[in-house]
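Visitor: I've never looked at this one before. Please walk me through it, one question at a time.

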Amino acid sequence: MAWKLTSDTPIYLQAAERIKLRILTGEYPPGGAVPSVRELAQEAAVNPNTMQKALALLESQGLLTTYRTAGRRVTERAELIRCLRLEMAHRHIETCRESLRGLGFTEEEIAGMFLSNETKKE
């Protein structure tokens with residue numbers, strides 16, 4: 001099934017973000033192989049050149065490494081992956097906080113929501 005892509009952001013950036021998410025969630029584990037450009041392009045229903053650009057971006061960020069005979073592999077740098085996961089989590093939290101502020105909640109109420117949600121899990 002083709003990926004849902006929007007027209008407000010370049011396609012290669014959206015593709016790179018999708019693959020990055022797969023790396024950060026462990027779908028593509030550290031040291032693991034990444035599907036070929038053609039496979040990913042077909043899955044996303046995009047031009048292979050667009051997918052190549054997305055993968056090159058992830059390689060420039062240190063998330064992927066290209067090997068002549070083995071294709072692309074995910075970095076084994078666990079600390080990089082951990083830092084990027086935390087960065088993404090903080091972006092999601094900030095987006096949530098902005099939405100809650102837009103609903104009129106104070107910072108104290110928002111903090112309380114996060115804390116009360118944590119205590120419900122325990």
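**Starting in a loop**

Visitor: Is Val 34 buried or exposed?

Guide: Val 34 has a relative accessible area of 8%. Buried means under 20% relative accessible area, exposed over 50% and partly exposed in between, using a 1.4 Å probe and protein chains only. So Val 34 is buried.

Visitor: Good to know. What kind of model is this?

Guide: Residues are numbered from 1 along each chain as its sequence is written, and side-chain values use heavy atoms, with hydrogens and water left out. Local features need pLDDT of at least 70, side-chain atom pairs count only at pLDDT 80 or more, and totals for chains, interfaces and linings use all residues, the model being predicted.

Visitor: Back to Val 34. Where does Val 34 lie, and which residues does Val 34 touch beyond four places away in sequence?

Guide: Val 34 is in the loop between H1 and H2. Those labels are DSSP runs, numbered from the N terminus: helices are H or I with at least four residues, strands are E with at least two. Contact means heavy atoms within 4.5 Å. Skipping residues up to four places away in sequence, Val 34 touches Tyr 28, Leu 40, Leu 64, Arg 72, Arg 73 and Val 74.

**Into the core**

Visitor: Which residues touch the most other members of the largest nonpolar core?

Guide: A nonpolar core is a set of buried Ala, Val, Leu, Ile, Met, Phe, Trp, Tyr and Cys residues joined through side-chain atoms within 4.5 Å. In soluble globular proteins, nonpolar side chains tend to be buried together. Here the largest core has 24 residues, and the ones touching the most other members are Ile 19, Ile 23 and Met 51.

Visitor: Which helix gives the largest share of that core?

Guide: At least two core residues come from each of H1 (11-24), H2 (37-44), H3 (48-60) and H4 (78-102). The largest share is five residues, and its source is H1.

Visitor: Which residues is Ile 19 in contact with, leaving aside neighbours within four places in sequence?

Guide: Ile 19 is one of the residues touching the most other core members. Leaving aside neighbours within four places in sequence, its contacts are Trp 3, Tyr 28, Leu 40, Met 51, Leu 55 and Leu 58.

**How the helices pack**

Visitor: At what angle do H1 and H3 pack?

Guide: Two packed helices are described by the angle between their axes and the distance between the axes. Axes are lines fitted to C-alpha atoms, for helices over the stretch in contact, and angles run from 0 to 180 degrees between N-to-C directions. For H1 and H3 the axes are 8 Å apart, and the angle is about 55 degrees.

Visitor: What does that make H1 relative to H3?

Guide: Angles under 35 degrees count as roughly parallel, over 145 as roughly antiparallel, 65 to 115 as roughly perpendicular and the rest as oblique. That makes H1, relative to H3, oblique.

Visitor: How many nonpolar residues does the contact of H1 with H3 have?

Guide: From H1 come Ile 11, Tyr 12, Leu 13, Ala 15, Ala 16, Ile 19 and Lys 20, and from H3 come Thr 50, Met 51, Lys 53, Ala 54, Leu 55, Leu 57 and Leu 58. Ala, Val, Leu, Ile, Met, Phe, Trp, Tyr, Cys and Pro count as nonpolar, Asp, Glu, Lys and Arg as charged, and the others, Gly among them, as polar. By class, this contact has one polar residue, two charged and, for nonpolar, eleven.

Visitor: And H2 with H3: roughly parallel or roughly perpendicular?

Guide: Their axes come within 9 Å and cross at roughly 115 degrees. That makes H2, relative to H3, roughly perpendicular.

Visitor: How many charged residues are in the contact of H1 with H4?

Guide: The axes of H1 and H4 come within 10 Å. On the H1 side are Glu 17, Lys 20, Leu 21, Ile 23 and Leu 24, meeting Ile 81, Leu 84, Arg 85, Met 88 and Arg 91 in H4. By class, that contact has six nonpolar residues, no polar ones and, for charged, four.

Visitor: What is phi of Ala 45 near?

Guide: Most residues other than glycine have a negative phi, and most peptide bonds are trans. Ala 45 lies in the loop between H2 and H3, and counts as exposed at 56% relative accessibility. Its phi is a positive value, near 60 degrees.

Visitor: And Val 46: what is its relative accessible area?

Guide: Val 46 is found in the loop between H2 and H3. Not counting residues up to four places away in sequence, Val 46 touches Leu 5, Ile 11, Ala 41 and Met 51. Val 46 is buried, with a relative accessible area of 14%.
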